[in-house]
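I open these notes as a first look at one chain. I shall record what I looked up, entry by entry.

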Amino acid sequence: EELARRLEELSDSAITLKSLRHVRSIGVGSFGSVRLVCHRRTRVRYALKRVRKKGGAIPKDVRRECELLADIDHPFIVRLVKTLETPTSVYMLTELITGGQLF
């Protein structure tokens, strides 16, 4: 029951960048930054990864990452909720996994 409710919350197709509230920065990497965000209506927390486009295009490796995560449904792999795009950046909205980094 809890899992079904959680999956339903994660797959909210009405999510837009404006419906997300920035809480804090989680990290910065070579490709972009990751922020903790909260959906304004449902209060569900997500991780939002932002990667800047290069020459107006999504970098090939980022596009591949989005495709792979969209196709995978496994309990040990972070779930991609939605991808969002602006003229300068692409955003990957994923479930929030807390507890530290994996190496």
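**Entry 1: A salt bridge across the chain**

I began with Glu85, which is exposed, with a relative accessible area of 53%. I note at the outset that the model is a predicted one. I then looked for a charged partner and found that the side chains of Glu85 and Lys53 meet in a salt bridge, at 2.7 Å from N to O. The pair links distant parts of the chain, for Glu85 belongs to strand E4 and Lys53 to the loop between E3 and H2, 32 residues apart. Is Lys53 buried or exposed? I find Lys53 buried, because its relative accessibility is 15% and the limit for that class is under 20%. Glu85, by contrast, counts as exposed because its 53% is over 50%.

**Entry 2: The other salt bridges**

Glu67 is partly exposed at 38% relative accessibility, and Arg64 is partly exposed at 46%.

Another joins the side chains of Asp73 and Arg79, at 4.0 Å from N to O. Asp73 is exposed, with 67% relative accessibility, whereas Arg79 is partly exposed, with 25%.

I stayed with Arg79 for its backbone. Its backbone nitrogen lies 2.8 Å from a polar atom of the side chain of Glu95. Glu95 is part of strand E5 and counts as buried, at 11% relative accessibility.

**Entry 3: The chain as a whole**

I next stepped back to the overall layout. The chain holds 2 helices and 5 strands, and from the N terminus on their order is α-β-β-β-α-β-β. Of its 103 residues, 31% count as buried. The accessible surface comes to about 7400 Å², and carbon and sulfur atoms hold 53% of that area. I also looked up the contacts with a separation of 6 or more: residues 24 or more positions apart account for 45% of them.

**Entry 4: The nonpolar cores and a patch**

Which residues make up the largest nonpolar core? I list Ile15, Leu20, Val37, Val44, Tyr46, Leu48, Val81, Leu84, Tyr91 and Leu93, 10 residues in all. The elements that give two or more residues to this core are strand E3 (45-52), strand E4 (80-85) and strand E5 (89-95). Apart from it lies another core, of 8 residues, among them Val62, Cys66, Leu69 and Leu80.

On the surface I found a nonpolar patch formed by Leu68, Ile72, Phe76 and Ile77, with about 400 Å² of accessible area together. Ile77 sits in the loop between helix H2 (60-71) and E4, and Ile77 is partly exposed at 34% relative accessible area.

**Entry 5: Lys82 in strand E4**

I returned to strand E4 for Lys82, which is partly exposed at 22% relative accessibility. A polar atom of its side chain lies 2.8 Å from the backbone oxygen of Ile15. Ile15 is also one of the residues of the largest core. Between Lys82 and Cys66, 16 residues apart in sequence, the C-alpha to C-alpha distance is 9.2 Å.

**Entry 6: Thr86 and Ser89**

Where does Thr86 lie? I place Thr86 in the loop between E4 and E5. Thr86 is partly exposed, with a relative accessible area of 22%. Leaving aside residues up to four places away in sequence, Thr86 touches Leu17, Lys53 and Tyr91. The C-alpha atoms of Thr86 and Leu17 are separated by 9.5 Å, although the two are 69 residues apart along the chain.

Ser89 is in strand E5 and is buried, at 0% relative accessibility. Its side chain makes a polar contact with the side chain of Arg50, at 3.1 Å. With residues up to four places away in sequence not counted, Ser89 touches Arg50, Val51, Arg52, Lys53 and Leu84.

Key
Residues numbered from 1 in each chain as written. Predicted model: local features only at pLDDT ≥ 70, side-chain atom pairs only at ≥ 80, totals over all residues. Heavy atoms only, no water. Core = buried A, V, L, I, M, F, W, Y, C linked by side-chain atoms within 4.5 Å. Buried < 20%, exposed > 50% of the residue type's maximum accessible area, 1.4 Å probe, protein only. Helix = DSSP H or I, 4+ residues; strand = E, 2+ residues; numbered from the N terminus. Polar contact = N/O pair within 3.5 Å; in protein donor to acceptor, adjacent residues only side chain to side chain. Contact = heavy atoms within 4.5 Å. Patch = residues over 30% accessible without salt bridge, like charges linked within 9 Å, V, L, I, M, F, W, Y side chains within 5 Å. Areas by Shrake-Rupley, 256 points an atom, 1.4 Å probe, with all protein chains shown as cover.
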